[in-house]
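This briefing goes with the sequence and the 3D structure shown below. Please look at both before reading the points that follow.

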Amino acid sequence: MLFVRVFMEVPTVHVNLSSSLLSLSPSLLGAAMATAIAQWMGALSYMIKMARRKEAFGLNLGWKIIPKLEDVQEFLTAGTAMLFRSLCNVGAWTLMASIATRMGVVEIAAHQLILSMWLVIAFVQDAVGAAGQVLVSQQLGHPGSSRHAIRRGKAKARAIAKRVISFSAVIGLVLSVLSQMFLPSLISLFCSSPEVVALTSSVLPIVLLGFPICCVVWTWDSVYYGASDFKYNAKVIAMSSSIAVSLTLASLHYEWGLIGLWSSMVFVYFGLRVIANYLRFNSEHGPFGKSTLSLSEGDDGGGQMMMNEAVPQIS
């Protein structure tokens, strides 16, 4: 409930601040000020609430201002991988915007409009990945358990992961179809330039065609975060972003336009991650064990009961 409350409070603060500051300064400065203030208020909210529940979060370090290395080594390992992953991801999207800028004013305007609409519908399915991350971490978060309990936890985590990934694929497909039906008619409400509207209308359907792939990737990433498989995820992001960036540069050189630019990101960047995540999911070296591991393995006929125990929270 802690994070739910904060996530509900911060966007409300951001909207209120944006409205107030933009009324005083209707420019990018007002939006930037609102964003910065909201981010700081969100960070302070997290710090205050976590300080009140520091024992529950494993942050009870006494009077130590600087913790020992062994106290934060696990966080540093995961944080380093996540930092590298974020740099690769943000770098790819930043380069994409830079290339769109070099294509022309109409192109960068259409690109930002497509990106904004794409992110709005992306947040609709974000809750599925968050739920999967929490549920998977619950099943795999008992390192001191017996070998049998670990295998059973992996089987439960695999069942949960399959369920949330399936949900995400269905949600992505539904959102893609609904967006194809309604978003093209709404583009003119967000932009008054006929050239930008025309370009956006021609590129957006292709982007939405690959949206289910993006939903599956986002959920799969969350599942791997719940399994603490940060290093592998960072490697996948680095590999796929490198290939996608090469194709985005080719889009500028060979004049493929925004269609080539977005196709490189949606179908190549996310497509490669789907393949890599699938291979990892079915690998015996992955966090979920080999694909033949079942809930009933070594459980004396209680497999169906365990399946029911593993997934009721998200059904």
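With which side chain does the side chain of Thr219 make a polar contact? The partner is the side chain of Ser168, at 2.7 Å. The model is a predicted one, and its secondary structure comes to 11 helices and 0 strands.

**The chain as a whole**

- Along the sequence, the pattern of the chain reads α-α-α-α-α-α-α-α-α-α-α.
- The chain has 315 residues, and 39% of them count as buried.
- Among contacts with a separation of 6 or more, 78% are between residues 24 or more positions apart.

**Thr219 and Ser168**

- Thr219 is part of helix H8, which covers residues 211-226, while Ser168 belongs to helix H6.
- Thr219 has a relative accessibility of 1%, and because buried means under 20%, Thr219 counts as buried.
- Ser168 is buried as well, with a relative accessible area of 0%.
- The polar contact between these two side chains spans 2.7 Å.
- Apart from residues up to four places away in sequence, Thr219 touches Gln125, Val128, Gly129, Val164, Ile165 and Ser168.
- With residues up to four places away again left out, Ser168 touches Gln125, Val128, Cys215, Val216 and Thr219.

**Ala169**

- Ala169 is placed in helix H6, which runs over residues 147-190.
- Its relative accessibility is 30%, so Ala169 counts as partly exposed.
- Ala169 is in contact with Pro212 and Val216, leaving aside neighbours within four places in sequence.

**Helices H6 and H7**

- The axes of H6 and H7 come within 10 Å, with a crossing angle of roughly 170°.
- Angles over 145 degrees count as roughly antiparallel, so H6 is roughly antiparallel to H7.
- On the H6 side, the residues in contact are Ser176, Ser179, Gln180, Leu183, Ile187 and Ser188.
- On the H7 side, they are Val197, Thr200, Ser201, Leu204, Pro205, Leu208 and Leu209.
- Sorted by class, this contact of H6 with H7 has 7 nonpolar, 6 polar and no charged residues.

**Helices H7 and H10**

- Helix H7 (residues 194-209) and helix H10 (residues 257-281) have axes that come within 10 Å and cross at roughly 20°.
- Because angles under 35 degrees count as roughly parallel, H7 is roughly parallel to H10.
- The crossing of H7 past H10 is right-handed.
- From H7, the residues Leu199, Val203, Ile206, Val207 and Leu209 take part in the contact.
- From H10, the residues Leu258, Ile259, Trp262, Ser263, Val266 and Phe267 meet them.
- By class, the contact of H7 with H10 has 10 nonpolar residues, 1 polar residue and no charged residues.
- Leu209 of H7 is named in the contact with H10 and in the contact with H6.

- Most residues other than glycine have a negative phi.
- Ser228 is not a glycine, yet its phi is positive, at about 60°.
- This serine is found in the loop between H8 and helix H9 (230-253).
- Glu255, which is not a glycine either, has a positive phi of about 60°.
- Where does Glu255 lie? Glu255 is in the loop between H9 and H10.
- Is Glu255 buried or exposed? Its relative accessibility is 71%, so Glu255 counts as exposed.

**Val268 in helix H10**

- Val268 is found in helix H10.
- The C-alpha atoms of Val268 and Ser241 are separated by 8.7 Å, with the residues 27 apart along the chain.

Notes
Residues are numbered from 1 along each chain as its sequence is written. This is a predicted model: local features need pLDDT of at least 70, side-chain atom pairs count only at pLDDT 80 or more; totals for chains, interfaces and linings use all residues. Side-chain values use heavy atoms; hydrogens and water are left out. Axes are lines fitted to C-alpha atoms, for helices over the stretch in contact, and angles run from 0 to 180 degrees between N-to-C directions. Helices (H or I, at least four residues) and strands (E, at least two) are DSSP runs, numbered from the N terminus. Angles under 35 degrees count as roughly parallel, over 145 as roughly antiparallel, 65 to 115 as roughly perpendicular and the rest as oblique. A crossing is left-handed if the near helix is turned anticlockwise from the far one by less than a right angle, and right-handed if clockwise. Contact means heavy atoms within 4.5 Å. Ala, Val, Leu, Ile, Met, Phe, Trp, Tyr, Cys and Pro count as nonpolar, Asp, Glu, Lys and Arg as charged, and the others, Gly among them, as polar. Buried means under 20% relative accessible area, exposed over 50%, partly exposed in between (1.4 Å probe, protein chains only). A polar contact is a pair of N or O atoms within 3.5 Å; within protein, one must be able to donate a hydrogen and the other to accept it, and residues adjacent in sequence count only if both atoms are side-chain atoms.
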